[in-house]
There are 2 protein chains.
Amino acid sequence: MNLILLFPEDFIDDSRARLHGRRYEHAREILNVTNGKVLQVGLLGGQTGTGTVLAIDATTLDLEIQLDQQPPEPIPLTVVLAMPRPKVFKRVLQGLTTIGVKKIILLNSWRVDKSYWQSPALEPEAIRKQLILGLEQARDTMMPSVQLQQRFKPFVEDTLPDMAAGTCALVAHPGASQPCPANVEKKVTLAIGPEGGFTTYEVEKLVAAGLTPIHLGNRPLRVETAVPALIGRLMPCL
Amino acid sequence: MNLILLFPEDFIDDSRARLHGRRYEHAREILNVTNGKVLQVGLLGGQTGTGTVLAIDATTLDLEIQLDQQPPEPIPLTVVLAMPRPKVFKRVLQGLTTIGVKKIILLNSWRVDKSYWQSPALEPEAIRKQLILGLEQARDTMMPSVQLQQRFKPFVEDTLPDMAAGTCALVAHPGASQPCPANVEKKVTLAIGPEGGFTTYEVEKLVAAGLTPIHLGNRPLRVETAVPALIGRLMPCL
């Protein structure tokens, strides 16, 4: 937690916030705060700044809040990701948030196990938890949007073409003839398949929607390795 | 497991291998093999090829082995990594192996918790297990070397300068004035700090050893995100 993320309901007046639970415990047990200590804070959807400890007791922490800085810039990238295994999904979602992606679409694919869509990791509160952890890590306040698209064909035929239009639109596909470009100076739309890749049919549909297949080398990477490697390569800065 | 990694002791004659345990179970339970099925195999330190199922019973799998292809090219990168938390270390080590890094140095640093060096994850068998998992994922056969350097100063003063000489030698450091370069067309030496970064003193010592500080943006990334993002950006191909 490099930043304590604040929510409107934390405020007890215009400039003071009162924290309980996880953030309180972090301040007390990890940061060992005492009165007067200055913490990095940010308001969800708003600015970042400082929280000066006014009081800490057995259950609550009061902070004097001053917000005067902008959160880091989002990266101009939409990620369309075949739904990974739930355990991996949590880490990937947090990683995407940390790296600054603001639009994440989870897509079905032939090689996605149907059971993944029933996972408790996909419940709104579970997703929100990972996004908050990612924002706290990155000292960011701007929540990504996460969409679930359980039907491949209607999404790829009806929604993806407009989303891809005017962007550098790519699908990471082992065996593609072109390598992944670096330092792309425009918005990027990036589709990433499941373990084992998109099927030939799916790649054809993604190409028809305007995406160009690219590869990152000969080695089949796990999604948690491939995603940051692709983003680190594509974006001029993070 | 995209490739079954074979060891000399698996061979029962010149062209036949007999598997038990983890690889047998993978073939039986995940791949559902039957006689005649062709699996991707590779010999540790040697070529890759195919293993045709000759027989499978309740405890063993016999394969007819044909090795005739080269493993993927290593990437020309030495990683000097401040020792991460043991749980993260396992994943990062496996990820580095998968992405094709062949020289990994784990370094002490002021912000590395001393207890990390006592972790069972650092025992040779535990390290070897992660390397094998990484090779199997990447369809590779060439084991990375892993060195433990528990003393920062002698390593950085006496060993690192020669290692860095003639390479593009970098230390990833939040707040550095230069961004991380992309598509570097020579050998790379890359140092990556712990959560919270190398100290100012440590960065000065790394600079004196010939490394240039570079950053990957404003967001503090977790090591498991930063490592593939840096490598994906730096290397012309993986």
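Trainee: What makes residues of chain B count as being in contact with chain A, and how many are there?
Mentor: Two residues are in contact if their C-beta atoms, placed from the backbone, lie within 7 Å. By that rule, 29 residues of chain B are in contact with 29 residues of chain A. Keep in mind that this is a predicted model, where local features need pLDDT of at least 70, side-chain atom pairs count only at 80 or more, and totals for chains, interfaces and linings use all residues. Residues are numbered from 1 along each chain as its sequence is written, with chains lettered from A and ligands numbered from 1 in the order in which they are written.

Trainee: Which helix gives the most to the side of chain B that touches chain A?
Mentor: That's H6(B), with seven residues. A helix here is a DSSP run of H or I, at least four residues, and a strand is a run of E, at least two, numbered from the N terminus.

Trainee: How do you know how confident the predictor is in chain A?
Mentor: Look at pLDDT, its confidence in each residue, from 0 to 100. Chain A has a mean of 96, and 100% of its residues reach 70 or more. The complex gets an ipTM of 0.94 and a pTM of 0.95.

Trainee: Why is Arg139(A) called buried?
Mentor: Buried means 20 or more other C-beta atoms within 10 Å of its own (12 or fewer is exposed, in between is partly exposed; C-beta atoms are placed from the backbone). Arg139(A) has 21, so it's buried. Arg139(A) sits in the loop between helix H3 (124-138) and strand S9 (145-149) of chain A, and has a positive phi of about 55 degrees although it is not a glycine.
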